[in-house]
Amino acid sequence: MSDRTVSDRTTDDRTTDDRTTDDRTTEAAKTGFDRGLIPPMLLGSILNPVNSTIMAVALVPIGAALGAPPSQTAWLVSALYLATALGQPIVGRLIDIFGPRKLFLISTSLVGVAGVIGTVAPGLGVLIAARVLLGFGTCAGYPAAMALLRSEAERTGEDNPAGVLTALAVANQTIAVIGPLLGGLLIGLGGWRATFALNVPLAAAAVVLGLLRLPRARETSTRERWTARLDLPGMGLFAVMLVALLLFLMNLRLSSWYLLVLAVAAGAAFAVRELRAAIPFIDLRVLGGNAPLLATYGRALVAYIVSYAFLYGFTQWTEEGFGLSPFYAGLVQIPMFLVAIVISITTGRRRGVRGKLLAGALAQIAACVLMLMLTGESPLWMLLLIAVVFGIPQGAVSLALQNSVYHQADPERTGSSAGLLRTFAYVGSMVASATTAVAFGPHASTAGMHTLAWVMLGAGVLFLLITVADRGLRHV
């Protein structure tokens, strides 16, 4: 962590009062964590994974209905993660400043609007726009949950939220179990449009819970001070840099060179702006001095390349290359998430993260090797075995990354730091999506799946090397 301490920071960057409320009494503080916050925290945090896992089994039916090949339907995945990768740190910073309630209510309302648009969409272009809106709408759930954890730790004096962090991880793993199966059921009952309509009741429930349970922020700053703390120029340059970079990664052609140039130029301007800003959007000096947090972000990127290449690429292959229906393709994913839940529950309260990361790295590598052995005539049990092995990193790595960020991040920027973790994760997921599109082309063949497995194996080895070399993990 940087030598710059909390006491040295300007009072404009303090937001403790933003996350407290008059009606939370001294007696409440004695009871520990306010469990009334858990329902909106959990529901908000699962909005993104439920849309991710359902879409994994909906891509093929959407492509068949709209006459779009996998290279085009891949944009339904990329659009959501492009929006989320951009929106998470920005919304996280807004949560640091204004408190979680306002941002949570606005964002979850957007989820409902996106659900309506997707349900009535006439073509692929409108569906992609709905997924973009879904991406922005699901941005607040995770940073809000992490910010609430931090504020509750300050209120109660108990900075050991392992139980709640585990509950968040298990909730996400549980919805991941339900997601593919639910997606298959919805498609069977009402077609692929039902997978978008599901967002309407989910968003309504999240808004109601947010209104009832989340604390109101105290008005402690003038509009001018809010504007200064927002660092709008920094956010704008960050958006240009990230969008250009991700579009380049999704179109790895020589003709897209200008996107890389734009990303580099915007990145340089962003660095200059943040180093000069009195209250930067992302404090590069503090972040640059926090090597453990930077290593965690790097691990998140490569880990999610492997995870999402499996979630989307392997699922598409089980449908097109292996011949399973969307419903049974969803069932094949269930062992992975069941194992992940068990791993999260059994290791969640263990404070160390290094062992979890090493176990996850080795399991990733083993699963990728098994994928290289698959053919269209392989027995079904091999697919299930691979799903079981992938469940180990799915449970151990995501929990370890989440715990790492909570303990490594600047407490005054918990929301934006949590958002950046998701940004790096979604950059990895978009690399996975682009790689899947290139590997498969017009058809999810076995040869394409093997190509994808080699890329995943390389990312898994890199994850292992980063973890082994990071001695700072012994102190987390």
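**View 1. Contact between helix 3 and helix 5.** In this predicted model, Q72, W75, L76, V77, A79, L80, A83, T84, L86 and G87 of helix 3 meet L124, L127, I128, R131, V132, L134, G135 and F136 of helix 5. Contact here means heavy atoms within 4.5 Å. Helices (H or I, at least four residues) and strands (E, at least two) are DSSP runs, numbered from the N terminus. By class, the residues of this contact are 13 nonpolar, 4 polar and 1 charged. Ala, Val, Leu, Ile, Met, Phe, Trp, Tyr, Cys and Pro count as nonpolar, Asp, Glu, Lys and Arg as charged, and the others, Gly among them, as polar. The axes of helix 3 and helix 5 cross at roughly 25 degrees and come within 7 Å. Helix 3 is therefore roughly parallel to helix 5. Axes are lines fitted to C-alpha atoms, for helices over the stretch in contact, and angles run from 0 to 180 degrees between N-to-C directions. Angles under 35 degrees count as roughly parallel, over 145 as roughly antiparallel, 65 to 115 as roughly perpendicular and the rest as oblique. The crossing of helix 3 with helix 5 is right-handed. A crossing is right-handed if the near helix is turned clockwise from the far one by less than a right angle, and left-handed if anticlockwise.

Residues are numbered from 1 along each chain as its sequence is written. As the model is predicted, local features need pLDDT of at least 70 and side-chain atom pairs count only at pLDDT 80 or more, while totals for chains, interfaces and linings use all residues; side-chain values use heavy atoms, with hydrogens and water left out.

**View 2. Helix 2 against helix 5.** Helix 2 (residues 38–66) packs with helix 5 at an angle of about 170 degrees, and their axes are 12 Å apart. The two helices are therefore roughly antiparallel to each other. N51, M55, I62 and L66 of helix 2 make the contact with L124, L127, R131 and L134 of helix 5. This contact of helix 2 with helix 5 has 6 nonpolar, 1 polar and 1 charged residues.

View 3. P122 sits in the loop between helix 4 (100–120) and helix 5 (124–137). With a relative accessible area of 70%, P122 is exposed. Buried means under 20% relative accessible area, exposed over 50%, and partly exposed in between (1.4 Å probe, protein chains only). P122 and L66 are 56 residues apart in sequence, and their C-alpha atoms are 9.2 Å apart in space.

**View 4. Helix 3 against helix 14.** Helix 3 (residues 70–98) and helix 14 (residues 291–320) pack at an angle of about 150 degrees, their axes being 13 Å apart. Helix 3 is therefore roughly antiparallel to helix 14. Their crossing is right-handed. P70, V77 and Y81 of helix 3 make the contact with Y308, Y312, Q316 and E320 of helix 14. The residues of this contact of helix 3 with helix 14 are 5 nonpolar, 1 polar and 1 charged.

**View 5. T315 in helix 14.** T315 lies in helix 14. T315 counts as buried, at 1% relative accessibility. Not counting residues up to four places away in sequence, T315 touches A56, V57, F310, A329 and Q333.

View 6. The largest nonpolar core has 137 residues, of which F238, M371, F390 and M456 touch the most other members. Helix 14 gives the largest share of this core, 15 residues. A nonpolar core is a set of buried Ala, Val, Leu, Ile, Met, Phe, Trp, Tyr and Cys residues joined through side-chain atoms within 4.5 Å. M456 touches V306, A309, F310, C368, M371 and F390, not counting residues up to four places away in sequence.

**View 7. V461 in helix 19.** V461 is part of helix 19 (residues 446–469). Its relative accessibility is 36%, so V461 counts as partly exposed. V461 and V302 are 159 residues apart along the chain, with their C-alpha atoms separated by 9.4 Å.

**View 8. A197 in helix 8.** A197 belongs to helix 8 (residues 193–197). A197 counts as partly exposed, at 29% relative accessibility. Not counting residues up to four places away in sequence, A197 touches G115 and T119. A197 and I117 are 80 residues apart in sequence and 8.8 Å apart in space, C-alpha to C-alpha.

**View 9. The chain as a whole.** The chain contains 19 helices and 0 strands. Of its 476 residues, 58% are buried. Among contacts between residues at least 6 apart in sequence, 84% join residues at least 24 apart.
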